[in-house]
Amino acid sequence: MVTSRIRFVAAVVLTGLASGLIGGLTSELSHLIEVCAFGVPFSSSTTGVGEVVMWRRLVAPIMGALIAGLTWRWLRPFPSGSITSVRQAIDSPTRLRPVETIVDALAQLVVVGSGSSLGREAAPRQMAALAAQGLSDTFRVDVATRRVVLASAAGAGLASVYNVPVAGALYALELTVRPDLRTKRGWGQVGIAGVISVLSTVTAWLLNHDRPIYRSPAATVTGPGLGWMVLVVAVSTVVGAGMGVLFGEMKRRVPVTSRLWWTVPLGSAGVTAIALAAPQVVGNGQVIVNLVLAHPVAPASLVILLVGKILATTVALRSGAAGGLLTPSLSAGALVGALVAVVAGIDAPSQIAMMVIVGAGCVLSMTQRAPLFAAAFALELTRAGALGIPVVVAAVMLGWTGFVLVSRRGLGLHGRIGRAPGHTSDPR
């Protein structure tokens, strides 16, 4: 009994530490790829690739996508399909294969770092889960515990990349583990996810020095602003639900494996064409959130960016490229919130920030079907102050409740937590 408990503790602690190192190193590698492709780490700017020399803007995305496309053609099964996903490894006896898992993750980082409109969070999730699989085998944890440790590691990989420990734990719990909180076992699963996520986040501080991803003013809201906030919730919920269905459909229409060597570059060419008009759409969406939090943006520009980001992400998915959808969803919601703020004549940065964060959380809750995770992710990324916590949580839950009520009326949608259309919540 004592020996098995020691093995369990060792597996949990080492999984947290390994996930943090993986996440921290992944972030550094992502920035290095951006510099190699465009000469600057564009994701931390507000202009995207707008100030990059034109030849890099045209050549880098195609070259990066060609490398990724050739890699996936070699890696994925024929005639079509994908490698073993984290969800499959968690929910079935199927195992993650080390070489294909790592190579696939690196290909994702290359295609996103060279400008494709996808998130980079899927790569550290799957590599952290791979590490957890090895540690679970080494310490001979039981099957039920192994499932929780793998799921928690995937969430911890996300937590370490974006410095979001609560959201990382909720990602594992809400989307995969779904513990029964009426039981002692359920609370034990919560504890495992929390410990691994916190350890992972703190370990990654060795590399990111606890820097926030976004710099947001302290979010506030006024009495009249609450009415506009309800509009943000309504519009964001509709946009997010539509994006979830659209992205799910694109993931079901991935080209056959033999064509990936040219479909992935073709998709990046499409994203590049969109970026000529809206240079902020490249990458995972961080540039867009940086922009709307930094200063007011004209309504026409916000509409162009919103349509452009959704279209660019759709094109990238349809091409067969793999990557995350968290931050593209977040950026679309941020644009909705900023657009409503501009229409309402709100110009105070703190009030705009609140609408941006609410919009981001609402759209993400729809595309991932995970309202608690979405609210925590939006709040931790922006660190928008104490007032933001109750407002954002209430707004996201209001949108989610409305969506669930509508879905029960048989409109072709579903409101089940943790299962997005096409399983977009965990593509890897």
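Ser30 is buried, with a relative accessible area of 4%; buried means under 20% relative accessible area, exposed means over 50%, and partly exposed is in between, with a 1.4 Å probe and protein chains only. Ser30 sits in helix 1, which covers residues 2–38. Helices here are DSSP runs of H or I with at least four residues, strands are runs of E with at least two, and both are numbered from the N terminus. If neighbours within four places in sequence are set aside, Ser30 is in contact with Leu109 and Arg120, where contact means heavy atoms within 4.5 Å.

The model is predicted, so local features need pLDDT of at least 70 and side-chain atom pairs count only at pLDDT 80 or more, while totals for chains, interfaces and linings use all residues. Residues are numbered from 1 along each chain as its sequence is written, and side-chain values use heavy atoms, with hydrogens and water left out.

Helix 1 also holds Val12. Val12 is buried, at a relative accessible area of 7%. Apart from neighbours within four places in sequence, Val12 is in contact with Val149, Ile192, Val195 and Ile196. Val12 and Leu150 are 138 residues apart in sequence, and their C-alpha atoms are 9.9 Å apart in space.

Now take the chain as a whole. How many helices and strands does the protein chain have? The secondary structure comes to 16 helices and zero strands. The radius of gyration is 20 Å, close to the 22 Å that the globule rule gives for 428 residues, so the chain is as compact as a globular protein of that length. That radius is taken over C-alpha atoms, and the globule rule is 2.2 Å times the number of residues to the power 0.38. Along the principal axes, the C-alpha atoms fill a box of roughly 65 × 50 × 45 Å.

Of the 428 residues in the protein chain, 58% are buried. Among contacts between residues at least 6 apart in sequence, 81% join residues at least 24 apart. The chain exposes about 16400 Å², and carbon and sulfur atoms supply 70% of that area. Accessible areas come from the Shrake-Rupley method with a 1.4 Å probe; for residues, only the protein chains shown count as cover.

Charges come next. The protein chain has 33 positive and 16 negative side chains, and the centres of the two sets lie 7 Å apart. Lys and Arg count as positive and Asp and Glu as negative, while His and the chain ends are not counted. The place of a charge is taken as NZ of Lys, CZ of Arg, CG of Asp or CD of Glu.

The chain is divided into domain 1 (1–208) and domain 2 (223–409), with bounds that come from an automatic or database domain assignment. The contact takes 49 residues from domain 1 and 49 residues from domain 2. The C-alpha centres of the two domains lie 21 Å apart.

Helix 11 (residues 286–294) is mostly covered, with eight of its nine residues buried. The buried residues are Gln286, Val287, Ile288, Val289, Asn290, Leu291, Val292 and Leu293. What covers them includes helix 12 (299–318), helix 13 (326–343), helix 14 (349–368) and helix 15.

Phe377 is found in helix 15 (residues 371–382). Is Phe377 buried or exposed? Phe377 is buried, with a relative accessible area of 0%. Leaving aside neighbours within four places in sequence, the residues in contact with Phe377 are Leu158, Tyr162, Val164, Ala167, Leu326, Leu330 and Leu364. Phe377 and Val148 are 229 residues apart in sequence and 20 Å apart in space, C-alpha to C-alpha.

Some loops have backbone features to look at. Most residues other than glycine have a negative phi, and most peptide bonds are trans. Phe78 and Pro79 are joined by a cis peptide bond, with omega about 0 degrees. Pro79 lies in the loop between helix 2 (54–75) and helix 3 (86–91).

Arg140 is not a glycine, although its phi is positive, at about 55 degrees. Arg140 lies in the loop between helix 5 (122–138) and helix 6 (143–162), and it is exposed, with a relative accessible area of 57%. Asp210 is not a glycine either, and has a positive phi of about 60 degrees. The loop that holds Asp210 runs between helix 8 (184–208) and helix 9 (223–252). Asp210 counts as partly exposed, at 30% relative accessibility.
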